[in-house]
Amino acid sequence: MLSQIKEALSNLENKKLKEKYMQIIITMFEKGYFPGLENIPVAKSSVSNIDGENGLLTFRGYPIQELANNCSYEDVCFLLLKGDLPIPQEKKELKKQLLASKGIDSKIKETIISMNDNLHPMYMLSSSVLQLQSNDPKCFDLDQYTVNLNRAIQLIAKLPTIMGVYQTQNPEFAQGKTFDSFAQYILYCFNQELAAKPKWVNILDKLLILHGDHTMNNSTFSVRAVGSSKASIYASISSAINSLSGPLHGGANEKVIKMLTEIGAPENVESYIQEQLKAGEKIMGLGHRVYRTYDPRALYLKEEILPQIFAEDSPEVNSKLENLYNTAQKMEEIALNKFADKKIFPNIDFWSGLVLRAMKIEPKYFTTIFALGRIMGWCAHWVENLEVKNKIFRPNQLYDGFNTRHVLRDQLK
Ligand code: ACO
């Protein structure tokens, strides 16, 4: 059988694709199913692409580094949603539309403010997104591309406001204030003092761009799966936020800072790693399903962003933060060595927490910032999913339970 499959695949010229299909077929034979859907294509998409062997990530064909170097949140939002970079007038209009649409209904603001402090901010965010549906009764009419696109922009605009209202507990939050860019508004929602400093707005802008999209990851899969039932954008994005909250996905950025704080100093890193591995635990911020080399987003943070933050004259850096940075650097050095054979490298969450900590943002809010970047990609996938011939996501399972059996009435008495 294997030789027949090999023969059938021999006409395929693309070597990488051939290897991928071979692996899928072998898994099918060996296991009968695909744990974690690893390597299984579930949709055709033109939003982003990863070459995991060579550490290349592109949005609509543009390498992520070029976008981070040259573009703003508005540029990348336009690119992901509409397929190409905007001309200056289009960018201006999108910025205007985003900033003009950031307001939320007063009843929803009351609900946001009344949420229990013990609720994790990611769940506060996902439940608030669901609440937004109450102001959009036509949200189940999904047939028009431009209406879907505008609905996505409206939602993107409101996410930071949810965070600002929640953190300040002020329903009047940001009312009457003007902003130069959407990234400045986002920073204002987390740190009003730094939002007045162009250096920090620029750093956040780049961080949000790096998070913009990432092919068929767990949260994007959630958007497409929920959206495929023709549930609303609010239901789809809310489930994506819930998926992102997990520590094996975006929630790792919060866990990494907790881990570095617990480790305490560079000299404790080696023993920490040994203990974790002995206990069969993963090290947060390391590893990736797709990359077999350094995650290009993590590399950008390491090489372009963190050196700016930890420059000698940086007033925002104190000895505590410096110690976290030194501990992370030590961990990276040991991990690159120790895990070289397994091709495990730092991912974006390994370094992003340090950037956010330098912005004096509390760790419990880290993953919400990830969501404020990723919402651009989620919405692009939601729109794209409605444009292609929609087929409801409904995979199969290998049933592994009882054969049919019957209720014995006497047993229940
Ligand atoms: N620490 C130690 N070992 C690891 C790690 C890690 N962080 N990641 C993977 N490995 C090892 C596994 O133990 C496994 O080893 P084995 O083959 O000897 O059993 C091997 O590498 C493959 O790991 P899997 O868990 O099977 O890889 P998978 O593709 O399923 O998981 C994931 C990828 C979830 C990212 C994993 O690397 C992980 O849990 N990392 C830590 C959490 C994290 O940083 N998540 C953020 C990911 S990036 C993002 O979502 C934005």
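Lys230 is partly exposed, at a relative accessible area of 42% (buried means under 20%, exposed over 50% and partly exposed in between, with a 1.4 Å probe and protein chains only). The model is predicted, so local features need pLDDT of at least 70, side-chain atom pairs count only at pLDDT 80 or more, and totals for chains, interfaces and linings use all residues. Residues are numbered from 1 along each chain as its sequence is written, and side-chain values use heavy atoms, leaving out hydrogens and water.

**Loop residues with positive phi**

- Most residues other than glycine have a negative phi.
- Lys230 has a positive phi, near 65 degrees, and lies in the loop between helix 11 (218-227) and helix 12 (233-244); helices (H or I, at least four residues) and strands (E, at least two) are DSSP runs, numbered from the N terminus.
- Asn39 also has a positive phi, near 70 degrees, and sits in the loop between helix 2 (15-31) and strand 1 (48-51).
- Asn39 is partly exposed, with 38% relative accessibility.

**Helix 10**

- Ten of the 13 residues of helix 10 (residues 198-210) are buried, including Trp200, Asp205 and Lys206.

**Helices 15 and 17**

- The contact (heavy atoms within 4.5 Å) involves helix 15 (residues 296-309) and helix 17 (residues 348-358), whose axes come within 9 Å and cross at roughly 25 degrees; axes are lines fitted to C-alpha atoms, for helices over the stretch in contact, and angles run from 0 to 180 degrees between N-to-C directions.
- Helix 15 is therefore roughly parallel to helix 17 (angles under 35 degrees).
- Among the contributing residues are Leu301 and Ile305 of helix 15 and Trp351 and Val355 of helix 17.

Definitions and conventions. Parallel < 35°, antiparallel > 145°, perpendicular 65-115°, else oblique.
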